[in-house]
Amino acid sequence: MKDPIKEAASIIRESKYLVALTGAGISVESGIPAFRGSQGLWDKYDPFEYAHISSFYNNPKKVWSMLRELYRISLNAKPNPAHYALSRLEEMGFLKAIITQNVDGLHQRAGSKRVIEFHGSGETLTCLDCRKKYKIYDVDINVPLPKCSCGGVLKPDIVFFGEMIPPEALDESMNLARCADVFMVVGTSAQVYPAAGLPIMAKERGARIIEINLELTQLTSSITDVFLQGRAGEILPLLVGEILKGNRSKVDNS
Ligand code: OAD
């Protein structure tokens with residue numbers, strides 16, 4: 001059987017429109033916990049109590065206790081080799097866009113240019129009363145309930161359960177899924193829709209699916225063409241190395 005990294009590298013080398021969908025797993029090696037699985041955030045915090053928009057409106061102080069913990073980790077986190085490998089793939093001209101479910105800004109910090117933040121961003125906050133926007137670095141998150149100068153409660157611009165996906169991000173992502181001839185799915189359990197529907201949509205349009213994950217997901221046996229099992233921070237740099245090797249041998253042979 002062909003080495004799956006070599007197989008994925010050859011698919012990517014021949015691709016015309018590669019798109020990536022990333023999830024919490026890609027940031028685990030940066031020290032940010034994922035949501036599901038052992039040591040996942042939803043093991044410690046019930047998502048219905050902490051991640052639903054109605055919970056935020058009913059008891060913002062309680063939800064902010066979780067957000068504070070997450071911010072303390074994510075604001076100090078740095079991109080890992082997986083983020084840099086995707087940024088390199090874009091620089092090399094293969095990767096056309098990243099659709100990320102993450103709100104940590106690590107793809108952008110690794111240098112990726114076209115990043116669609118499907119679940120919003122933790123880097124900005126909006127006042128629930130006057131709608132004034134703040135940058136996270138201008139807000140003191142160490143108080144029990146961060147507030148606007150008008151006295152209103154500040155909510156991070158991340159998508160809570162029960163909220164809509166930002167319409168522009170949804171449109172752009174659906175277009176990308178339709179255009180992709182190769183769709184790479186990295187570090188997501190593919191359980192939350194509509195994000196989990198994007199690789200399915202791409203597959204229906206004929207895209208090849210490359211999946212990178214520590215574990216099998218519902219996509220693995222249904223639509224995945226090449227499954228690369230392992231840590232994204234190890235697999236993605238190997239994949240980029242393999243693509244570069246192929247490019248060099250093309251030049252050598254010409
Ligand atoms: P999950 O926590 O559901 O899934 C993380 C996936 O990453 C799992 O399948 C793990 O096996 C895998 N994984 C963990 N470490 C990895 C590593 N080092 N390399 C590769 N894979 C690894 O996270 P998401 O699928 O992103 O939404 O969750 C989707 C959404 O559910 C989130 O955006 C969030 C959450 O509730 C909202 O808050 C709206």
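Strand β1 (residues 18-22) has 5 of its 5 residues buried, so the rest of the structure largely encloses it. Buried here means under 20% relative accessible area, while exposed means over 50% and partly exposed lies in between (1.4 Å probe, protein chains only). Strands (E, at least two residues) and helices (H or I, at least four) are DSSP runs numbered from the N terminus. You are looking at a predicted model, in which local features need pLDDT of at least 70 and side-chain atom pairs count only at pLDDT 80 or more, while totals for chains, interfaces and linings use all residues. Residues are numbered from 1 along each chain as its sequence is written, and side-chain values use heavy atoms, with hydrogens and water left out.

Now look at the two faces of β1. L18, A20 and T22 are buried on one side, and V19 and L21 are buried on the other. Which strands pair with β1? One is β2 (residues 95-100), joined to β1 in parallel by 5 bridges. Another is β7, which also runs parallel to β1, over 5 bridges. Two strands count as paired if DSSP finds at least two bridges between them.

From β7, let us move on to β8. Strand β7 (residues 182-186) pairs with β8 in the parallel sense over 5 bridges, and V186 has I212 of β8 as its bridge partner. Helix α9 includes G197, which counts as buried because its relative accessibility is 19%.

Strand β8 is itself largely enclosed by the rest of the structure, since 5 of its 6 residues are buried. On to β9: this strand runs parallel to β8, joined by 4 bridges, and I210 has V226 of β9 as its bridge partner.

The loop between β8 (208-213) and β9 (226-229) holds T217. Is T217 buried or exposed? It is buried, because its relative accessible area is 13%. Leaving aside residues up to four places away in sequence, T217 touches T188, S189 and E211, where contact means heavy atoms within 4.5 Å. The side chains of T217 and E211 make a polar contact at 2.6 Å. A polar contact is a pair of N or O atoms within 3.5 Å; within protein, one must be able to donate a hydrogen and the other to accept it, and residues adjacent in sequence count only if both atoms are side-chain atoms. A polar atom of the T217 side chain also lies 3.0 Å from the backbone nitrogen of L219.

A ligand oxygen atom is 2.8 Å from a polar backbone atom of A24, and a ligand nitrogen atom lies 2.9 Å from a backbone N or O atom of A232.

Finally, turn to helix α5. Its buried residues include W64, L67 and Y71, and the buried residues of α5 pack against elements including β4 (120-127) and β6 (154-158).
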